[in-house]
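Hi there,

Here is the structure I promised to pass on to you. Have a look at it first, and then read my notes below.

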Amino acid sequence: MKILLLCTAHNSLSQRLYLTLTLKHEVTVEYALSTDTMIEAASLAHPHLIICPFLTSPVPAEVYSKYMTLIVHPGAPGDGGPSALDFMLMGEDGTDEDIQRVIGKDLWSEHGRSHWGVTVLQAIAEYDAGPVWAWEQFSVNIDNHTTTKSSLYRGDVTRAALIACSTAIERIKSAARQVQDTKAGDVDDRECINPGLKTKPEYGTASASTGEPFLGGHTCPLPLLKAANRGFDVNRHGAVMISRLIRASDSQPGCLTRDFSPNLYVYGGLIEDGEHMSTIDVKPGTFIGVRNDAVCFKTLDGKGVWITHGRRVKKKTDPTLWPKVPAIPLFVDLGIVDPKKLPQYLPLLPKDFARLNYPTFQEIFIEYDEIATGQRVAYLTFDFYNGAMSTNQCRQMCAALQSILETHTELNPLSAVVLLGGTYFSNGIHLNVIESSPDPAHESWSNINAINDVILLILHDFAVRGIITVATLRGNAAAGGVALAAAADLVLAGEHVVINPAYRALGLFGSEYHTITYYGRAGYETGHRLLRDMVPVSAQQAKDIGLVDVVLSGYGESLDTAIRKHVNELVCTNQKPGQWKDKLDLSPSGLAAARMHELGEMAKDFWSARSIRYHSRRSDFVRKVKATKTPLRDVCDVGEEDAGTGYAADD
């Protein structure tokens with residue numbers, strides 16, 4: 001089939017759907033920049049089917065009346081509105097249909113829904129009210145304080161959307177065949193796949209994979225959740241509710257609060273709890289600790305909540321949105337905290353990066369595992385917000401890796417180190433921190449050198465000690481994050497991840513020793529194409545070209561189990577992965593030469609006449625400036641004159 005994806009932005013869900021559909025279909029992507037753009041895109045592509053995986057504007061009647069058009073809605077059947085995920089994560093459970101009363105009187109569910117879903121429905125004039133072609137559900141725990149709206153969207157929502165979309169396509173094809181059978185002679189497929197096809201009642205009541213009814217309770221249409229209704233009150237809300245409100249607003253628009261002086265959007269929402277909290281006797285809303293540029297405040301129920309990032313509210317006089325930046329630098333800049341008197345009632349993080357055994361905010365931690373043969377493996381988790389690694393975070397990564405190296409002795413050797421990442425593996429340098437810097441070019445230079453230092457440890461320091469390096473892509477990765485993974489001897493990837501290896505969309509040559517690792521793994525021609533084409537690849541596609549070594553099935557706990565099983569077998573059998581490195585010059589001089597070459601190009605990207613590409617694209621991306629054209633790399637069926645350049649990804 002010819003399928004057109006209409007998207008507000010080509011985000012993680014639409015990219016994953018694109019990669020799945022292109023295995024069987026001819027797929028075009030077009031940004032839904034305006035009504036005219038959508039009408040023109042449909043006319044040019046002339047598809048059998050249009051799917052809208054991420055759309056924030058209505059589909060024109062001229063499109064949905066002519067072409068079968070499907071909307072991917074991140075909500076269960078019967079639920080409608082643009083804030084479905086937000087309400088669910090806040091605790092809306094369907095027991096009270098008067099949502100304004102629920103908001104006004106804090107009548108949120110104690111435990112929330114047990115399940116949520118994704119519905120694929122046909123576009124009609126009424127918002128999210130068309131015939132249902134398929135839906136899928138998944139279990140959810142809204143009080144898991146590491147679950148945010150964006151992490152749920154990239155994970156369970158995306159997986160459910162793939163199942164529902166695939167099922168809907170098969171059902172539409174089946175309905176079209178029935179129409180075709182009633183007509184004499186040769187009939188064009190497009191005549192049969194049209195908006196007049198009829199769904200079946202069970203499509204709206206039985207889940208696509210199991211046929212079960214929706215297990216998450218009663219659903220009903222809900223309104224747009226306004227910023228004013230997302231705020232918390234430290235004198236009224238406990239830690240759990242504040243955490244819900246913050247996490248439900250991630251990553252857009254953020255949780256609006258007035259509790260810390262000026263209006264701010266805040267992010268994070270991780271809960272601090274443990275025996276130490278009983279000794280902290282301060283008023284609710286008082287800052288009680290700082291850590292890695294995040295700040296924790298006391299709640300009325302004796303716990304704490306961490307704010308990791310913040311964004312100033314855009315005023316009418318501001319031309320664009322403000323960058324989203326780590327909390328402490330922002331709070332210092334706004335005069336909310338005194339940099340000379342930062343509060344610290346909380347225990348310090350362990351110097352050896354050991355994992356804490358109580359709820360808290362801990363971006364980096366190390367766990368050591370001794371397997372059956374007595375050999376040791378170090379597992380390094382680094383869970384940075386949106387996968388971005390600032391200069392400070394890269395230095396923390398270096399310190400953690402150095403800590404691991406220090407445990408490797410002749411009497412107690414370390415066999416392997418496993419880089420686990422987090423909900424993202426890594427997306428490379430921190431564009432928001434760079435954009436907010438007084439000197440973005442200088443901060444870019446500091447950041448790229450800091451991440452290069454991380455990768456140098458992997459390519460050299462662990463290698464000379466005979467320690468196997470393993471990177472595990474449990475979440476998506478992009479740009480420098482892909483190069484970070486590629487530097488390891490062995491790369492394991494979950495089957496559902498999306499990988500974006502290129503830098504060019506942002507106007508960068510790239511560094512992170514990618515001229516060694518990409519070309520060493522995939523060959524010069526394929527490596528060059530990865531950098532040039534600027535298109536996402538699936539885990540299996542990355543394996544086919546050598547960027548990934550092993551694709552593992554599953555996600556979440558099942559994927560973590562598969563990773564540890566694979567690593568244990570690797571170490572127990574004394575395998576030596578990384579043969580792709582054998583023909584490369586990974587000596588100190590060879591690595592220095594590669595780094596000098598890459599940084600020479602990056603210096604031009606930061607300071608020369610061509611730097612306008614990087615600085616303008618970075619600013620547009622961080623400040624959410626709307627694209628003016630669909631990037632050429634995403635276009636299949638329209639001519640070059642109809643395409644442009646741009647950059648779209650999850651924030």
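**What I found**

Just after helix α12, Gly466 has a positive phi of about 75°. Helices here are DSSP runs of H or I with at least four residues, strands are runs of E with at least two, and both are numbered from the N terminus.

Before going further, a word on the source: this is a predicted model, in which local features need pLDDT of at least 70 and side-chain atom pairs count only at pLDDT 80 or more, while totals for chains, interfaces and linings use all residues. Residues are numbered from 1 along each chain as its sequence is written, and side-chain values use heavy atoms, with hydrogens and water left out.

Back to α12. Its 25 residues should span 36 Å at 1.5 Å a residue, and the end C-alpha atoms are 35 Å apart, which agrees (the expected span is 1.5 Å times one less than the number of residues). There is also a kink of about 35° in α12, centred on Leu457; the bend at a residue is the angle between axes fitted to the seven residues ending there and the seven starting there.

Next, the helix pairs. α10 (residues 391-406) packs against α12 (residues 440-464) at an angle of about 15°, and their axes are 8 Å apart. Axes are lines fitted to C-alpha atoms, for helices over the stretch in contact, and angles run from 0 to 180 degrees between N-to-C directions. α10 and α12 are therefore roughly parallel to each other (under 35 degrees is roughly parallel, over 145 roughly antiparallel, 65 to 115 roughly perpendicular, and the rest oblique). The contact, meaning heavy atoms within 4.5 Å, includes Met397, Leu401 and Leu405 of α10 and Ala450, Val454 and Leu457 of α12.

Helices α18 (residues 588-607) and α19 (residues 611-622) pack at about 65°, with their axes 5 Å apart. That makes α18 roughly perpendicular to α19. On the α18 side, Lys604, Asp605, Phe606 and Trp607 make the contact, and on the α19 side Ser611, Arg613, Tyr614 and His615 do. These residues divide into three nonpolar, two polar and three charged.

For α14 (residues 514-522) and α15 (residues 524-533), the packing angle is about 125° and the axes are 7 Å apart. The two helices are therefore oblique to each other. His514, Tyr518, Tyr519 and Ala522 of α14 meet Tyr524, Thr526, Gly527, His528 and Leu531 of α15. Five of the contact residues are nonpolar, four are polar and none is charged.

Finally, some backbone details in the loops. The peptide bond joining Asp250 and Ser251 is cis, with omega about -5°, and Ser251 sits in the loop between α8 (239-248) and β7 (255-257). The bond from Gln252 to Pro253 is cis too, with omega near 0°; Pro253 is also found in the loop between α8 and β7. Asp128 is not a glycine, yet has a positive phi of about 55°, and lies in the loop between β5 (115-122) and β6 (132-139).

How values were computed. Ala, Val, Leu, Ile, Met, Phe, Trp, Tyr, Cys and Pro count as nonpolar, Asp, Glu, Lys and Arg as charged, and the others, Gly among them, as polar.
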